Amino acid sequence: MPLPKSAPPVEAIAWCESQWGHPDEVALPLSDRGLALGDGVFETVLIRQGTPQLLREHLQRWLMSAKLLELPPPPGEAAVQAWLSEAIARSGIKDGALRINWSRGSSNRGLIPPRTPIGRCWGTFHMHHPRFQPTKVIISKQVRRWSDDPLASCKSLNYGAQVLARSEALRQGADDALLLNTEGELCCGSSANLLVQRSGQWLTPPIRSGCLPGVMRAQGLELNVIKEEALSSSLREDEPAVLLNSLDCRPLNNQAKLLSRRLFEQLLRSA
Ligand SMILES: Cc1ncc(COP(=O)(O)O)c(C=O)c1O
């Protein structure tokens, strides 16, 4: 039900199947394989003035991630648009981060997938405005990306390694961690693609480095604003660097401060 006009602003709303409410209250069955095993996939989409940004591209990757995990196909555009409209009507939020999750659904205890999985979808919608604030990073010693990891190019629900890397950064007084791959090359951030600018050209590691095929990264490649190139094991002081994902574009040094917002808006404008 939409909010009455006098209600205080809501910062987030969630749904699971037909339940709606605050994210702390909406429940997922304990037999769900996404909850128990990380056996599912997700997307996070920026919503501006009620309009999803790069939705088609996100839904394509959702489908591709589901295929990689051999899940049933996730809900399509009409269902996602309907959830978004209801989330906006119920919360009053127009600028936010929409997260949609798709798991293999429920099963018995253990790893063996059900023979005919039905899948389960749930989601959250949080208030969010893109952030461009300077971000201090370390290079993680605990976590690396493995280029042959079958899940590397899948946006799976399992973010355990990235959580470890982010905690490692926070313990050292930094905001985030960059991850090397098993070849010792810079690969990505804990929840973003890494871009460095060399001689005026944005560069990002190729997919074979083990990074996630980010939607914003793909947008930049298509526009020839970004080129793929393997990076060395550390950032260079004189090269602007940013962490880019669908929600934010965070500069990693002074040289990137003025460039990050411009890059982000350019990629979205051209969509
Ligand atoms: C590990 C990782 N790499 C890259 C990205 C950027 O992807 P996108 O541009 O699709 O948000 C994300 C986004 O969450 C991520 O978690």
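Q: What makes the largest nonpolar core a core, and which residues have the most contacts inside it?
A: A nonpolar core is a set of buried Ala, Val, Leu, Ile, Met, Phe, Trp, Tyr and Cys residues joined through C-beta atoms within 7 Å, where buried stands for 20 or more other C-beta atoms within 10 Å of a residue's own, with C-beta atoms placed from the backbone. The largest such set has 32 residues, and those with the most contacts inside it are Leu179, Cys188, Leu194, Leu195, Ala241, Val242 and Leu244. The model is predicted, so local features need pLDDT of at least 70, side-chain atom pairs count only at pLDDT 80 or more, and totals for chains, interfaces and linings use all residues. Residues are numbered from 1 along each chain as its sequence is written.

Q: How do you know which residues Cys188 is in contact with?
A: Two residues are in contact if their C-beta atoms, placed from the backbone, lie within 7 Å. Leaving aside neighbours within four places in sequence, Cys188 is in contact with Arg145, Leu179, Asn193, Leu194, Cys211 and Leu212.

Q: What classes of residue make up the shell around the ligand?
A: Ala, Val, Leu, Ile, Met, Phe, Trp, Tyr, Cys and Pro count as nonpolar, Asp, Glu, Lys and Arg as charged, and the others, Gly among them, as polar. By these classes, the shell has five nonpolar, six polar and one charged residues. Among the residues that surround the ligand are Thr44, Cys188 and Arg217.

Technical notes: Near = placed C-beta within 6 Å. Buried ≥ 20, exposed ≤ 12 C-beta atoms within 10 Å, placed from the backbone.
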